[in-house]
Amino acid sequence: MKWTGMLVVVLGAASLIAAGTTGLGSVLFGWALVAAFSGVSLLIVHVVGRDNPHGAMAMFALIYIVKVVLFAAVLFMIGRPAWLDATWFFTAAILTVVVWQIAEIRAFSRIRFQLYDDEPQPTPAPAREPSSVKGEKDV
């Protein structure tokens with residue numbers, strides 16, 4: 001969120017200079033939509049990952065597909081408001097997605113899943129051969 005926050009500040013300043021408040025509102029709206037959808041998907045993956053860390057990546061891929069479809073559905077449902085500057089909106093949305101994905105890939109690449117139990121297990125005592133008892137025949 002830190003990197004996308006810096007991105008929205010830079011884009012917001014540029015859009016305010018170039019297109020006025022319409023550009024700034026468009027940048028903020030594009031950033032807010034991406035941040036909201038990405039935040040919800042990270043929350044879902046976090047909750048699933050607590051119980052099943054190995055399933056978190058599969059859930060992340062599934063949620064990503066759902067997120068893209070819902071993002072498109074929201075855009076189609078609300079239409080294009082009169083105040084929305086499409087260029088600044090899509091620039092902010094696409095760059096936010098790219099920066100967010102880079103941050104997620106970096107974070108996931110640093111996660112280390114423990115595959116094997118590192119605690120040493122006690123070695124079982126070797127099985128003893130039955131000893132000869134007086135009176136038994138040795139074979």
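**Entry 1: the pocket**

I started with the lining of the largest pocket, where helix H1 (2–19), H2 and H4 each supply at least two residues. I kept in mind that this is a predicted model. H4 gives the most to that lining, with six residues. I then looked up the volume. The largest pocket holds about 310 Å³ of space. Its lining counts 16 residues, and Leu 42, Ala 103, Glu 104, Ala 107 and Phe 108 are the closest to the centre. I sorted the lining by class and got 11 nonpolar, three polar and two charged residues.

**Entry 2: H2 against H4**

Next I turned to how the helices pack. Two packed helices are described by the angle between their axes and the distance between the axes. I took H2 (residues 21–51) and H4 (residues 86–110) and found axes that come within 7 Å and cross at roughly 30°. Angles under 35 degrees count as roughly parallel, so H2 and H4 are roughly parallel to each other. I noted the hand as well: H2 and H4 cross in a right-handed way. The contact of H2 with H4 has 15 nonpolar residues, six polar and one charged.

**Entry 3: H2 against H3**

I stayed with H2 and looked up helix H3 (residues 56–78). The axes of H2 and H3 come within 10 Å, and the crossing is at roughly 150°. The cut-off for roughly antiparallel is over 145 degrees, and H2 and H3 are therefore roughly antiparallel to each other. I logged this crossing of H2 and H3 as right-handed. On the H2 side, I listed the contact residues, among them Phe 29, Leu 33, Phe 37, Leu 42, Val 45 and Val 48. On the H3 side, I found residues including Met 59, Phe 60, Ile 63, Lys 67, Phe 71 and Ile 78. By class, I have 17 nonpolar, three polar and one charged for the contact of H2 with H3.

**Entry 4: H1 against H4**

Last, I checked H1 with H4. Their axes come within 10 Å and cross at roughly 165°. That makes H1 roughly antiparallel to H4. I recorded a right-handed crossing for H1 and H4. H1 brings Trp 3, Thr 4, Leu 7, Leu 11, Ala 14, Ser 15, Ala 18 and Ala 19 to the contact. From H4, I wrote down Trp 88, Thr 91, Ala 92, Leu 95, Thr 96, Val 99 and Trp 100. The contact of H1 with H4 divides into 11 nonpolar and four polar residues, with no charged residues.

Technical notes: Residues numbered from 1 in each chain as written. Predicted model: local features only at pLDDT ≥ 70, side-chain atom pairs only at ≥ 80, totals over all residues. Heavy atoms only, no water. Axes fitted to C-alpha atoms, helices over the stretch in contact; angles between N-to-C directions. Helix = DSSP H or I, 4+ residues; strand = E, 2+ residues; numbered from the N terminus. Parallel < 35°, antiparallel > 145°, perpendicular 65-115°, else oblique. Left-handed = near helix turned anticlockwise from the far one by under 90°. Nonpolar A, V, L, I, M, F, W, Y, C, P; charged D, E, K, R; others polar. 1 Å grid on protein atoms, 1.4 Å probe; cavity = no way out; pocket = protein on both sides within 12 Å on 5 of 7 lines; lining within 4 Å. Points joined across faces, edges and corners; volume = space filled by probe spheres on them. Contact = heavy atoms within 4.5 Å.
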